[in-house]
Protein chains: 4
Amino acid sequence: MSGRPFLQLPGPTNLPDRILRAMDRPIVDHRGPEFAALTKSLLPGLRAAFGSREGTVVIYPGSGTGGWEAALVNVLAPGDRVLTFSHGQFGVAFAQGARKLGYEVDEVPLRWGQSIPAEEVEARLGADRGARPYRAVFVVHNETSTGVRADVAAIRAAMDAAGHDALLILDAVSSLASMPVRCDEWRVDVALTGSQKGLMLPPGLAVLCVGQRALAIGQEGGSPRNFFDWRPIIRENAVGLFPYTPATMLLFGLREALAMLAEEGWDAVFARHHRLASGVRAAIQAWGEPRILCEDPACYSDSVTSVVLPDGLEEDDVRRVARERFGLVLGNGLGQLKGRVVRIGHLGALNELEVLATVAGVELTLRECGLDLDLGRGVAACQRVFAQGAAVAGAPK
Amino acid sequence: MSGRPFLQLPGPTNLPDRILRAMDRPIVDHRGPEFAALTKSLLPGLRAAFGSREGTVVIYPGSGTGGWEAALVNVLAPGDRVLTFSHGQFGVAFAQGARKLGYEVDEVPLRWGQSIPAEEVEARLGADRGARPYRAVFVVHNETSTGVRADVAAIRAAMDAAGHDALLILDAVSSLASMPVRCDEWRVDVALTGSQKGLMLPPGLAVLCVGQRALAIGQEGGSPRNFFDWRPIIRENAVGLFPYTPATMLLFGLREALAMLAEEGWDAVFARHHRLASGVRAAIQAWGEPRILCEDPACYSDSVTSVVLPDGLEEDDVRRVARERFGLVLGNGLGQLKGRVVRIGHLGALNELEVLATVAGVELTLRECGLDLDLGRGVAACQRVFAQGAAVAGAPK
Amino acid sequence: MSGRPFLQLPGPTNLPDRILRAMDRPIVDHRGPEFAALTKSLLPGLRAAFGSREGTVVIYPGSGTGGWEAALVNVLAPGDRVLTFSHGQFGVAFAQGARKLGYEVDEVPLRWGQSIPAEEVEARLGADRGARPYRAVFVVHNETSTGVRADVAAIRAAMDAAGHDALLILDAVSSLASMPVRCDEWRVDVALTGSQKGLMLPPGLAVLCVGQRALAIGQEGGSPRNFFDWRPIIRENAVGLFPYTPATMLLFGLREALAMLAEEGWDAVFARHHRLASGVRAAIQAWGEPRILCEDPACYSDSVTSVVLPDGLEEDDVRRVARERFGLVLGNGLGQLKGRVVRIGHLGALNELEVLATVAGVELTLRECGLDLDLGRGVAACQRVFAQGAAVAGAPK
Amino acid sequence: MSGRPFLQLPGPTNLPDRILRAMDRPIVDHRGPEFAALTKSLLPGLRAAFGSREGTVVIYPGSGTGGWEAALVNVLAPGDRVLTFSHGQFGVAFAQGARKLGYEVDEVPLRWGQSIPAEEVEARLGADRGARPYRAVFVVHNETSTGVRADVAAIRAAMDAAGHDALLILDAVSSLASMPVRCDEWRVDVALTGSQKGLMLPPGLAVLCVGQRALAIGQEGGSPRNFFDWRPIIRENAVGLFPYTPATMLLFGLREALAMLAEEGWDAVFARHHRLASGVRAAIQAWGEPRILCEDPACYSDSVTSVVLPDGLEEDDVRRVARERFGLVLGNGLGQLKGRVVRIGHLGALNELEVLATVAGVELTLRECGLDLDLGRGVAACQRVFAQGAAVAGAPK
């Protein structure tokens, strides 16, 4: 297929040329001075990405799933109880993974498309008066399967209102560097992300931001662990080294990514994501059908929109036509949404014309799949959002 | 600016990743066996690009201007007469260059936006009965400044009808690999192109296709020349070498470009360019204003459309807003069109969604520059062209 | 520093240009058909690298340490007993890691420089008649800290002679694709490697080859695990997918690496490593001092040589002078060897002239650090090895 | 072949990774502000490379041969007389090219291996009292075919002593950025170079440095010309543009190359080339045979050494064995030296270990071709030069 493809997944996201070039380089000695300087340069920028001045950043070779595991095994002992919420595939998978690791998981079932109700958090924690209270509450900041954002400030307030001292563990995989993550303000104990979303890198890194309390717990407690043990990593990082060979190529890319984000400015990054997401949503609303899965506009995700297909349209057909006819790659429906939903990723390195191309491509695709749709109607709605200039109301705080 | 820019110049065009990777490699010995094999592999594909089985291909480090010079100095003696047509900047610049090289140039003035009238060719040649007849007729296949295509078959027929034996020299810089070039069928004596248009490479190469008659003339005749003398190049190329160090990196890219074009297939390449160009033109016509400069729809260029701005819009403003606000790079007005025209390139590695993004970006730009334009109207017109599928009527033969 | 550096670490190794280019590419959909085909293409080549027709290959984002963990948690239950050998840093670190994961480790202390005595294996296993016998024997095929190779065939024979059914777990991190690894022949139950050694990739992948018995144990047994659980990976790999986002960029590089190894041929790869290593050893022996750490020539490693510095020379000085004066990066002394040893890596993408440059650079460095050394003596010895042509006696089987 | 090849041609030279990365980038608008800034940034660094504060730099897409042509057609009228010296292939080829362009060339025959005798220059010019005196003296600074450097200061003094006002045209193709070029001090009227030597770029650019007198002559005089006419280029360069599409990719590489040279420092660059060349020469002298072609040690080239093979050794065999057995690419014998000479390039991005590898590889090659040579003897001599540290006596001024 001629020209550039449009990879509109909710991650991995498109690699900017600057980042590709930063990684396209000879191997260096990961115990030498050049590399040590690189390591040290990364940590402040990552802390900023997590909205933290005090957190300790830990980088692993791995995926988001590895990040989950690292966030758990350093602070939970076998058998510890965890409260989780299932309103999408990643919440469900996390609960399953935590059980496999030997923790006891209480999974609150929610509608897929619903956000996490703060009052439910408060009620659950308020009622948690047994001998073995919850050791942690796990929150997916952005449910990548449904395009629903959690209101972490409200959840933190609910935890405080319940007077419960459970740890707050935050999955920021598909929110970090796209929507504000405020680990200090929200008193997040452990937050985690991956490289292949807002950080604009290939997959292959998991990154944690660990608060003081979690750090102290991990010092003596936690589960049996070796690869994911953050203690030796933090110790060696102090002089720029790692206890095992890190994924050096991605770290060079990460330096460039952090430089790009700093040049754009965090507020501008968040405003851009909100503007682009608002354009996508305006287009979908202009069509009338298909519709946005996320139930509450206050919880719209600025990194991904899950689109419920009208009856008669199959996810597989839509994604295949988009890919084969237009070079447009859309995300698939996950878990119980399989077959009924396509997901439009709008995060990472992205601009207005790319979003307009995506919207135009989805229109053509839906029409080719048989939907009676006015070509250009969604594009025009999206253009009207973009014509307003930089500031679009309703951005997440 | 986040995301990928849209470089919609009529050349240089976007570099496909495959070509970038093909050039991103260590230097090889340009007198060694690996390189000789490379050289030999390029010539058949280039002949196919020129629509020739019998022509001899010659590659120079250089630009299109270098290609002009090579096309002249090998076949014309100082003082020889040349017939040219001025219906755009490149026709004018060619005439000026040919005069500087010491040839006598008869320049037929035409409206910028008009194509070359075959009857004018026939009339001029029919009347050319003096002692020093025209030695060559020079035709710009695609006037990149105006977006007007010449009907070379008709011009060849006119030359034949006039019974004139002038050489036919064809500038195929911005047509080759975008619209059919048929050197054998049209009996073109020398055709030339550059690397940075339909061949999808960076600028830096000029390529000629030389017919038997021109080859014979160049053997003994021509002007004083050294760098552009094609004789030693053709001689050394027979064993895969060059008489001087060639631009090796671009040649590796050229091999990949020819492979990509062969994979897509020449007919598909031309059909794609016609479809994309038709989409752009449908958008402009849907706006009503601005309008397409090219006067005759039969002569629309499939590689570039020159757009006449309505009164009150300045080219510089439009191009600046497009670039700064939307990362969209448009071509400027050249020569007498300066200030009044922007040019939309739609050639090389390009697909439908990229064109839709371009059209949507031009709409937003014109609106931001003050034009009262229905957002989405042009995009919808363009989408309707693309929704018809591969075949769009009226493609150049 | 001008020119190319000489990175002579025992890993990460130099990235060939072909592999760099294979990774320097846009992101693809890791759930799409192009990627699924990639995944499926990798597994046969990896099996061949492990010397296995029947093994199941599992790829993780991670490091060698991650590979260790994967090799343990899938087959050992908490509290299981493991027999290990400490004749270098990686044996020691493995034992420590296994303890941290909750296994009971019996660590046989050996001299650093000694190989693993098969008779010791037989004796230990023969005496292991308790209620909780060893569940696994862990062998480092190539002790990267000392440059000592283990005779795995002899160890397997010793295990058989003892009539013990412990699992044989093999760390092939710095041997795979440099020296023969024969998982089927040696009946290795789990072997593991990393990407950044003989596979010529950047760090970031751990790869396992799992035999039938281990696979069966892992089906129901093992320790609590999630990220390193190979069951969902094997299940998804059957259709070319992964249960979580894999390190896609490295996988594209891996495909190229396997193609390069197949083009060279496995026997030629091993012969080349042996020839290059023999050259390095001949140089060191010609100097007289410093000397090779490995005690037994039959156990010389073909991927790394640890060199014991004479009294008066400090490792830090030697490595600094080599790096700053000559752009030559040597490996450091690890563990109890710190300060007394430098390591010369000679594995991965490497040829004779690069080794000669390395030897010449070490000579200059040692001389500059004060050692009275005849310049050129080691180089000449190394050249004499290379002048013999391809076959050098004594290659590992 | 595994590992990195050693491309020891006297150009093209090895591309540093930094330069590869600088060129591996998307196309930009060559009429836009980013590109204009690039153009303007290049000219001061190039002037410095030519040793000129007052010269005007002109960049062409092309090769060194194109540079010759540009240097002539802008200042010489058809039929003008030029004095040249033939002591190698490039002097001969220049004379031939100048004749083809219509100039009258007086070619002083010299031995190949001899330098240009200043007294001969003075005698020729002193005797030049006719009606049509020489308009130009052409000097090859570094005869790439023989490895002989000209003493340009002495030649300038000879021209002055003769009281002749011929222009001094200097071919600095294989000297620039390797040995001092001092256009202002030597009052060079036009100097020229290519991109693929000391500038460490791929081939594809010719660069001129034009003095005030030449500039004035070119304003009204010169030969018919268009592509090579420097007037429009200089005019457009004033605002960062070019009259035709420049070879943009190489210009991005050129910016990086100039930055690298500035970081190293011109004196350090020249000292490094002299040190490396001295090492190569010491090796050859230690062998006894083969011998250095250049007759006068005061005229040794620091960028290339031509090596006369002893009887019984064929150039083709030597180069083939070096390439096929050791991945070492040596330059071929040119013109009358064909078959009898190999050339070792030691310019551009290069360091001591790479030179030692080259010397070791030549030893192995010569031995394999049947020469009775003590392996290591040349390497040791080369090492002794390098062990002396940075300053090696006898560097060109």
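In the predicted model, about 2,900 Å² is buried between chain A and chain B, with carbon and sulfur atoms accounting for 56% of it. Three residues, A:Arg4, A:Leu353 and A:Gln383, contribute 27% of the area that chain A buries against chain B, more than any other three residues. The contact involves 35 residues of chain A and 35 residues of chain B.

Four salt bridges are counted between chain A and chain B. A:Glu352 takes part in a salt bridge with B:Arg325, in which the closest N and O atoms lie 3.4 Å apart. On the side of chain A that touches chain B, two or more residues each come from α11 (315-326), α12 (352-368) and α13 (377-387) of chain A. Of these elements, α12(A) gives the most, with nine residues. By class, this side of chain A comprises 17 nonpolar, nine polar and nine charged residues.

Chain A also meets chain C, in a contact that takes 48 residues from chain C and 48 residues from chain A. The area buried between chain C and chain A is about 3,900 Å², and 65% of this comes from carbon and sulfur atoms. On the side of chain C, the residues that lose the most area to chain A are C:Ile27, C:Lys100 and C:Asn226, which together make up 17% of what that side buries.

Between chain C and chain A the count is four salt bridges. A:Arg319 and C:Asp29 are joined through their side chains by a salt bridge, with an N to O distance of 3.5 Å. Eight residue pairs are in polar contact across the interface of chain C and chain A, both residues being at pLDDT 80 or more. Several elements of chain C give two or more residues to the side that touches chain A, including α1 (17-23), α4 (89-100) and α10 (248-264). The most is given by α3(C), with three residues. The side of chain C that touches chain A divides into 22 nonpolar, 15 polar and 11 charged residues.

Chain A itself contains 13 helices and 14 strands. Its radius of gyration is 21 Å, close to the 21 Å given by the globule rule for 397 residues, so chain A is as compact as a globular protein of that length. The C-alpha trace of chain A spans about 60 × 55 × 35 Å along its principal axes. Chain A has a mean pLDDT of 97, and 99% of its residues reach 70 or more. The model scores ipTM 0.96 and pTM 0.97.

Key. Residues are numbered from 1 along each chain as its sequence is written. Chains are lettered from A and ligands numbered from 1 in the order in which they are written. Side-chain values use heavy atoms; hydrogens and water are left out. Contact means heavy atoms within 4.5 Å. Buried area is the accessible area (1.4 Å probe) that two parts lose on being put together, summed over both. A polar contact is a pair of N or O atoms within 3.5 Å; within protein, one must be able to donate a hydrogen and the other to accept it, and residues adjacent in sequence count only if both atoms are side-chain atoms. Helices (H or I, at least four residues) and strands (E, at least two) are DSSP runs, numbered from the N terminus. Ala, Val, Leu, Ile, Met, Phe, Trp, Tyr, Cys and Pro count as nonpolar, Asp, Glu, Lys and Arg as charged, and the others, Gly among them, as polar. pLDDT is the predictor's confidence in each residue, from 0 to 100. The radius of gyration is taken over C-alpha atoms; the globule rule is 2.2 Å times the number of residues to the power 0.38.
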